[in-house]
Amino acid sequence: MNLSAIVITKNAAAKIKDCLASLKFADEIIVVDSGSTDKTKELSLRAGAKFFEVENIGYSHSRNTGAQEAKGEWLLYVDADERVDEKLSRTILSIIHHPSSIIHSYKIYRKNIILGKWLRHGGWWPDPVHRLIKKSTLKEWKGELHEYPVVEGEAGLITDPIVHLSKDSISEMVKNSRDFAPIEAELKFKAGHPPVKIHHFVLAMWREFWVRGVLKAGWLDGIAGIIEIIYQMFHQFMVYSILWQMQNKKK
């Protein structure tokens, strides 16, 4: 078996169907789910995917489980809100059918669609993600939030992008912060972050504005780009608010 596509999910019913349809070129599709309460399992099985349920203890655990269950020589990791178009699928198949003797994993450009618009600025493009890996060279995935693979050798680059349908609405943006801000705050708490003061809020929010809005010119993406800049500032406000709350509960 040449290629196993691995998708990690939790309550992904709204997007999983199209994701799995875009992976039909793979020899097998594996869905690793961490506690969905919607129709993610039903839709995955209906699409012909192999479905595995795991404890919700982090993305790295789910990705490692997918690698353990996969039968393919190559692993392609795709999230439920991502799509592989025909051009990218052809490139991936060409790579695995004519493998390099030196490069055994690849980063893939990611095309981030936020609020229905492809954001080309603000640090959102080309956004390479490490997703195509020869199984024998993968040691493990590490990291609690921004997980990454530990792989033998250097990584190549695929410029045909994965399409990432991220944050379709303002409500999804708010949900994203509700889900991830507590995790980021807890990581800072465990790392022994100094007691949160007013300047921590100001600096964190200013950094997002300066980097995404000014240095990386996110405003060039129009209203969607400006909303995303403000959202990233808001997200940092949430992270430090939760961290402040954690530190004060400790007292």
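Okay, let's start with a pair of side chains: Arg110 and Asp127 meet in a salt bridge, 2.9 Å from N to O (meaning a side-chain nitrogen of Lys or Arg within 4 Å of a carboxyl oxygen of Asp or Glu). The pair links distant parts of the chain, with Arg110 in strand E6, residues 105-114, and Asp127 in the loop between strand E7 (117-118) and E8, 17 residues apart. Both Arg110 and Asp127 are buried, and here buried means under 20% relative accessible area, exposed over 50%, partly exposed in between, with a 1.4 Å probe and protein chains only. Salt bridges that share partners join Arg63, Asp79, Glu82, Arg110, Asp127, Arg131 and Glu147 into one network.

Quick caveat: this is a predicted model, where local features need pLDDT of at least 70 and side-chain atom pairs count only at pLDDT 80 or more, while totals for chains, interfaces and linings use all residues. Residues are numbered from 1 along each chain as its sequence is written, and side-chain values use heavy atoms, with hydrogens and water left out.

Back to Glu82. You'll find Glu82 in strand E5, residues 82-83; helices (H or I, at least four residues) and strands (E, at least two) are DSSP runs numbered from the N terminus. Glu82 counts as buried because its relative accessibility is 0%. What does Glu82 touch, leaving aside residues up to four places away in sequence? Cys19, Arg110, Arg131, Ile162, Val163 and His164, with contact meaning heavy atoms within 4.5 Å.

Cys19 takes us to helix H1, residues 13-21, where Lys15, Ile16, Cys19 and Leu20 are buried. Seen down the axis of H1, those buried residues fall within an arc of 130 degrees, so they line one face of the helix; the arc is that of the directions from the helix axis to the C-beta atoms. On the face turned away from the buried side of H1 sit the exposed residues Ala14, Lys17 and Asp18. The buried residues of H1 pack against several elements, including strand E1 (3-9), helix H2 (40-46) and E5.

Glu42 pairs with Arg46, the closest N and O atoms being 2.4 Å apart. Both lie in helix H2, 4 residues apart, about one turn of the helix. Glu73 and Lys134 also meet through their side chains, at 3.7 Å from N to O. Glu73 is in the loop between helix H3 (59-69) and strand E4 (74-77) and Lys134 is in strand E8 (residues 129-134), so this pair ties together parts 61 residues apart in sequence.
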